Amino acid sequence: MALDNAATHKLSPELALSGPQTELLHRVVSFCERHQSDDSALFVIEGAAGTGKSVVLNAIFNTLQTRARSGAADDPLRGLRNMVIVNHPEMLKLYRNIAATMPNLRKSDYERPTTFINKSAKTGKRADIVLVDEAHLLLTRPDRYNHFAQQNHLEEILRWARIVVVVFDPLQVLKFKSHWSTDLLESFRKGRPSETFHLDTQFRVSASPVTCSWIDALGQGEILPRPKDPSFDLRIYDDCAKLYADLCACNAKYGLCRLLSTYDYPYTLNGEDHFITEGAFRLRWDRSLPSEKLPWAERPDTIDEVGSVYTIQGFDLNYAGVILGPSLFYDAKNDRIGVRPERYEDSAAFQGRDGIATPEDAKKRVILNALNVILTRGIHGLFLYAHDPALRERLLRT
């Protein structure tokens with residue numbers, strides 16, 4: 001794999017940051033310095049997919065840990081116990097791989113939220129500074145499957161850390177049990193020092209603003225006229241097998257090209273292979289391999305699999321192929337993408353609807369959020385195929 005394709009390189013704390021990212025780093029470090037005597041403080045980093053949230057979070061953490069472990073004797077951050085929490089198992093692999101290359105980072109600095117909370121409750125020890133990546137994936141209700149008995153991950157993290165820094169994007173909420181909103185997050189600001197920083201610049205998708213707007217709109221169900229953009233390879237296919245063949249050719253040439261799909265095809269965690277079939281195209285879903293050191297997006301063998309939102313969230317690809325599955329159809333009356341939640345195969349996404357005022361609307365929002373995530377993975381190109389013939393035809397004539 002070429003160095004430029006390695007996620008450990010793309011998220012390295014040693015990468016040069018943009019002006020806004022550098023400003024954010026200084027703001028967070030200053031916030032941590034100023035609130036050393038506070039019992040609970042919250043800093044929120046907001047930004048859409050591809051705005052470099054994880055990159056700057058890693059740089060912030062490296063700065064904090066360098067000062068905690070190697071700072072001067074009078075450094076107010078020296079000797080602090082700091083952690084990064086990430087609920088995404090593939091991202092956790094990545095962060096720990098990066099830690100192995102940095103002198104002041106340790107693999108033990110990174111935990112999943114429930115593990116951190118349960119360990120803290122057992123020992124009774126609070127962390128000083130905790131950074132939470134993908135905070136929109138934190139649980140907002142108890143979850144026996146994940147051994148979480150309390151009410152809200154963030155509430156418990158704030159209980160067990162003096163300063164908490166969270167990365168948050170409401171358009172990446174994927175499950176009812178992590179049903180975050182801006183209002184819910186706002187409730188955690190009350191009664192404690194809090195700041196917010198917005199990241200706006202798109203760093204992942206190397207395309208014109210018009211193309212970025214087209215992709216963003218599609219992720220919300222809106223179909224705009226397709227832009228002509230020499231800097232970005234945007235293709236619509238009427239044959240999924242042809243899409244896959246072209247994607248494989250790009251992968252052979254550039255590397256880091258993968259096929260993704262909305263979660264509209266049966267899948268179970270029973271050790272069996274499950275396949276996606278569209279006409280002459282047939283390929284298996286991604287397989288859960290927790291023992292693999294490399295994340296799914298970087299393993300060479302996964303060009304022979306179809307990835308889901310759960311294996312690709314947080315990662316870059318050079319070219320992304322995306323299958324719009326049966327839950328998405330062409331709504332001719334409104335000239336937009338319609339959503340059929342009953343065709344969505346991720347049944348776990350809709351478990352725990354207590355407290356959700358309009359669950360049917362919330363289901364559609366979750367499905368479009370997942371679509372938004374997989375549409376925004378490709379740096380240089382996006383290849384699209386729609387299961388619904390009417391939607392396929394409508395996209396072909398954009």
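Helices H2 and H3 sit oblique to each other, in the class left over once angles under 35 degrees are called roughly parallel, those over 145 roughly antiparallel and those from 65 to 115 roughly perpendicular. The axes of H2 (residues 19–34) and H3 (residues 53–70) cross at roughly 40° and come within 10 Å. Here an axis is a line fitted to C-alpha atoms, for helices over the stretch in contact, and the angle between N-to-C directions runs from 0 to 180 degrees. Helices (H or I, at least four residues) and strands (E, at least two) are DSSP runs numbered from the N terminus. The model is a predicted one, in which local features need pLDDT of at least 70 and side-chain atom pairs count only at pLDDT 80 or more, while totals for chains, interfaces and linings use all residues. Residues are numbered from 1 along each chain as its sequence is written, and side-chain values use heavy atoms, with hydrogens and water left out.

H2 passes H3 in a right-handed crossing; that is, the near helix is turned clockwise from the far one by less than a right angle, anticlockwise being left-handed. On the H2 side, the contact (heavy atoms within 4.5 Å) is made by Gln21, Leu24, Leu25, Val28, Val29, Cys32 and Glu33. H3 answers with Val55, Val56, Ala59, Ile60, Thr63, Leu64 and Arg67. Sorted by class, this contact has ten nonpolar, two polar and two charged residues. In this scheme Ala, Val, Leu, Ile, Met, Phe, Trp, Tyr, Cys and Pro are nonpolar, Asp, Glu, Lys and Arg are charged, and the others, Gly among them, are polar.

H3 also packs against helix H4 (residues 89–99), at an angle of about 40° and with the axes 12 Å apart. H3 is therefore oblique to H4, and the crossing of H3 and H4 is right-handed. Ser54, Leu57 and Asn58 in H3 meet Met91, Tyr95 and Ile98 in H4, a set that divides into four nonpolar, two polar and no charged residues. As for H3 itself, its 18 residues reach 25 Å from the first C-alpha to the last, close to the 26 Å expected at 1.5 Å a residue; the expected span is 1.5 Å times one less than the number of residues. H3 is mostly covered, with 13 of its 18 residues buried. Buried means under 20% relative accessible area, exposed over 50% and partly exposed in between, for a 1.4 Å probe and protein chains only.

Then there is the pairing of helix H8 (residues 209–219) with H11, whose axes come within 8 Å and cross at roughly 150°. That angle makes H8 roughly antiparallel to H11. Ile215, Leu218 and Gly219 of H8 make the contact with Arg365, Leu368, Leu371, Asn372 and Leu375 of H11, and these residues divide into five nonpolar, two polar and one charged. Most of H11 is covered, as 13 of its 17 residues are buried.

Leucine 174 lies in the loop between strand E5 (161–168) and helix H7 (182–187) and counts as buried at 3% relative accessibility. Residues up to four places away in sequence aside, leucine 174 touches Leu137, Val309, Tyr310, Gln313, Ala349, Val366, Asn369 and Ala370. Leucine 174 and valine 309 are 135 residues apart in sequence, yet 8.8 Å apart in space, C-alpha to C-alpha. Arginine 162, found in strand E5, is likewise buried, at 13% relative accessibility. Beyond its neighbours within four places in sequence, arginine 162 is in contact with a set including His35, Asp38, Asp39, Leu80, Arg126 and Asp128.

Glutamate 393 belongs to helix H12 (residues 389–396) and is partly exposed, with a relative accessible area of 40%. Glutamate 393 and tyrosine 330 are 9.1 Å apart in space, C-alpha to C-alpha, and 63 residues apart in sequence.

Aspartate 335, another residue other than glycine, has a positive phi near 50°. The loop holding aspartate 335 runs between strand E13 (328–331) and strand E14 (336–339), and aspartate 335 is partly exposed, with a relative accessible area of 32%.
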